[in-house]
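Subject: Structure handover

Hello,

Here is the structure I said I would pass on.

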Amino acid sequence: MNYSQIASRVEEIAHEAGQLILTMGQSITQADVEIKGLHNYVTKVDKESERLIISRLKEIVDGAGFIAEEGTEERIGERYNWVIDPLDGTTNFIHGVPISSVSIALMEGEKVVVGSVYEINSGESFLAYHNGPALLNGRPIRVSSRDNIHETLLATGFPYYDYNLLDPYLELFRHFMKTTRGLRRLGSAAVDLAWVACGRFDAFYEYGLNPWDVAAGAFIVERAGGRNSDFGGGSGYIFGRQILSSNAILHDEYLRHVQMFFGEKERII
């Protein structure tokens with residue numbers, strides 16, 4: 001399997017989907033917004049983007065399954081599976097906030113082998129593949145080299161429907177406000193992770209996430225020299241609904257801080 005060639009194809013598909021989103025977004029209205037759950041929205045743009053992506057991906061890897069946010073086609077492949085977020089940052093998109101992305105990952109078994117995150121407003125394209133570099137618009141990127149937590153900038157995501165862990169989350173947020181340069185919330189986990197990969201953020205953490213939110217971005221972080229884990233320090237961050245991603249240098253330190261507030265009883269299952 002030539003992962004470099006596959007990655008190039010995936011990047012082209014992400015760009016095509018991004019252009020579709022921008023074009024359709026010019027005429028979207030509130031009537032086009034559907035409610036999937038509490039504070040969880042989908043538009044016809046999300047669905048059309050997903051249909052386009054899946055139709056193109058079917059041409060690349062025979063027999064691959066699809067794990068996609070909007071469920072326009074769902075089936076699990078025996079060896080390969082595409083993990084797709086056709087529009088990460090739908091709430092931003094609805095409100096005209098210019099941070100949203102297309103996220104596509106290819107998994108072989110339990111491992112990601114290709115990851116693409118395309119931020120559709122800036123045109124920044126983040127890409128990585130197995131045994132290859134992490135790239136931003138074709139140029140290699142690396143995570144930050146900061147080694148003092150007090151000099152770092154973090155990203156996070158605010159819970160929008162799962163409030164079971166809101167108290168420890170807010171306590172951790174307050175703690176990081178005091179021990180870092182600050183925190184940012186972009187509204188697209190895929191972009192948060194991509195920005196860790198290129199060194200803009202030193203770390204990102206969030207709970208309540210889905211595989212399509214993190215699979216591609218976390219893999220790009222890994223290929224950029226970073227480290228990912230769940231809040232327990234394990235490797236279950238793609239399907240475990242929680243992730244800590246960092247520049248690797250400070251990962252264990254961040255993990256200690258997280259575990260001060262997210263102990264065993266707060267583990268997400």
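Predicted model: local features only at pLDDT ≥ 70, side-chain atom pairs only at ≥ 80, totals over all residues.

Residues are numbered from 1 along each chain as its sequence is written, and side-chain values use heavy atoms, with hydrogens and water left out.

Helix pair

Helices (H or I, at least four residues) and strands (E, at least two) are DSSP runs, numbered from the N terminus. Helix α5 covers residues 189-197, and eight of its nine residues are buried, so the helix is largely enclosed by the rest of the structure. Buried means under 20% relative accessible area, exposed means over 50%, and partly exposed is in between (1.4 Å probe, protein chains only). The buried residues are A189, A190, V191, D192, L193, A194, V196 and A197. After α5 comes G199, which has a positive phi, near 90°.

What does α5 come within 8 Å of, axis to axis? The partner is helix α6 (residues 211-223), and the two axes cross at roughly 5°. That makes α5 roughly parallel to α6. Axes are lines fitted to C-alpha atoms, for helices over the stretch in contact, and angles run from 0 to 180 degrees between N-to-C directions. Angles under 35 degrees count as roughly parallel, over 145 as roughly antiparallel, 65 to 115 as roughly perpendicular and the rest as oblique. On the α5 side, the contact (heavy atoms within 4.5 Å) is made by A189, A190, L193, V196 and A197, and on the α6 side by D213, V214, G217, A218, I220 and V221.

Sheet

Five strands form an open sheet with mixed pairing, in the order β11-β10-β12-β14-β13. Two strands pair if DSSP finds at least two bridges between them. The edges are β11 (182-184) and β13 (227-229), each with a single partner strand, so one side of each has no neighbour in the sheet. From one strand to the next, the twist averages 20°. Strand β10 (residues 153-156) pairs with strand β12 (residues 203-207) in the parallel sense, over three bridges; A155 has F204 of β12 as its bridge partner. Helix α4 (residues 166-179) lies across β10, β11 and β12, and runs at about 165° to β12.

L154 is found in strand β10 and is buried, at 1% relative accessibility. The C-alpha atoms of L154 and G226, 72 residues apart along the chain, are separated by 14 Å.

D230 lies in the loop between β13 and β14 (242-246). Is D230 buried or exposed? D230 is buried, with a relative accessible area of 15%. A polar atom of the D230 side chain lies 2.9 Å from the backbone nitrogen of G232, and one lies 3.3 Å from the backbone nitrogen of G236. Leaving aside neighbours within four places in sequence, D230 is in contact with S235, G236, Y237, Q242 and L255.

S116 is found in strand β6 (residues 111-119) and counts as buried, at 0% relative accessibility. Leaving aside neighbours within four places in sequence, the contacts of S116 include V10, F126 and L127, as well as A216 and I220.

Regards

Note on methods: Polar contact = N/O pair within 3.5 Å; in protein donor to acceptor, adjacent residues only side chain to side chain.
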